[in-house]
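The text that follows goes through the aromatic rings of this structure and the charges placed over them.

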Amino acid sequence: MQQDVQRQEEVKADASAFQDSSIRELFLHAKAHPEQIDGLLGSIADFLDGEADTYKKGLACIIAGTLVEKGGDPAGIVGAVVRQLERHLILLEAYFQQDDELSLAERFQTAPDTVKAQMTSDFVVLATMTMICRDKQARIELRQNQQLLRLIEELEEQIDNLHFVNIVLGSEDDLEVVALHPETSTGIRLRLSMVQNNFHLFTLLQDVFVQQFQAQEPFASMPRNEVAVKAATGVAYPDTDDAFDSALFGFYAGGALDENGALSEQGAFAHWLFGEDTPLRIPRVEEKAIVLLGPSVFGQRSWDLSFCVPVHNALTPQAELVEVLSCEQVKAWTEKIVEQWKKAR
């Protein structure tokens, strides 16, 4: 791993990169001595943060990702892998700015590190996914890195699998949602973890709401879609390709309330929540995302469960019930929402 790569032919972007006997020995050793995996990851972290060849660092990332999937603790290595992702993306940004007419050999001759980064980008991206999907704190810290977020946003369409990293970062850990059903003066407070889009939120939210108020109408007549909930929480994906969930409510932002705190049809049209959007963009009151439940203004709404399935099997999305709101609390929240939207208007 310490030997620099001098020839383009030595840079491999497929499984042949792992045929070296020393790498096979490493994996066999890890399998035989799982208690030593974290120590191996620590050594790889030191290697990534040191001076070494870009291609070899890419290779080290995917080796580390494999060891994490075999039971290693990502906490000691994820920071080094994320730093390498940023270095790789900086090189890839330069790679894509080069003359399109240059051959790979010409690129390697003039800027070899950009070619090494391009050919090992998948190694680094997949290792990053493996680790940030298992380490909540790493996700939180990565979301604070504006330079890296910019690179991911700009390059996600040009680099395989980087889109999935962006989905993970576009979700949020510990986002609180206040969901109100104005017609019945019922409401709940939820804490979301790794909910990827609003369709994903709708599936989880309506299930929690219906279960909580199933003793009263109109909720008693609403069916639960356990298949959808299992898919949305990463428990099990349905066997059929055409599996879907259906809306039990219309879903609206807080601005849909009129001055009396009722859900108006005009407001519902104007503040309808798009399923393809993300919960991060739902307007907030007191740092809580506000979701109003009511009749749908666009008829029956449904969505494919592919919107709800976690992008990595290590993710366990949740909609945790934090509090069931009393009628008085629902009224208080309604007044706060109306007051805030009055100011906004």
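## Aromatic rings and their partners

Tyr95 has a relative accessibility of 11%, under the 20% limit, and therefore counts as buried. The model is a predicted one. Above the ring of Tyr95 sits the charged end of Arg107, 4.3 Å from the ring centre.

A search of the whole structure gives 14 aromatic pairs. Tyr95 and Phe96 make an edge-to-face pair, because their ring centres are 5.4 Å apart and their planes stand at 85°, an angle over the 60 degrees required for that class. Phe96 has a relative accessible area of 28% and is partly exposed, whereas Tyr95 is buried.

Phe202 and Phe251 form a stacked pair, with 4.0 Å from centre to centre and 10° between the planes. Phe202 belongs to helix 11, which covers residues 198-212, and Phe251 to strand 4, residues 250-252, so this pair ties together parts that lie 49 residues apart in sequence. Phe202 is buried, at 0% relative accessibility, and Phe251 is buried at 0% as well.

Phe202 and Phe251 are also members of one aromatic cluster. Besides them, the cluster contains Phe199, Phe209, Phe213, Phe219, Phe249, Trp303 and Phe307.

A charge over a ring is found at Trp333 too: Lys336 lies over the face of Trp333, at 4.6 Å from the ring centre. In the case of Tyr95, the charge comes from Arg107.

Terms used: Residues numbered from 1 in each chain as written. Predicted model: local features only at pLDDT ≥ 70, side-chain atom pairs only at ≥ 80, totals over all residues. Heavy atoms only, no water. Phe/Tyr/Trp six-rings, centres within 6.5 Å; stacked < 30°, edge-to-face > 60°. Buried < 20%, exposed > 50% of the residue type's maximum accessible area, 1.4 Å probe, protein only. Helix = DSSP H or I, 4+ residues; strand = E, 2+ residues; numbered from the N terminus. Lys NZ or Arg CZ within 6 Å of the ring centre and 35° of its normal.
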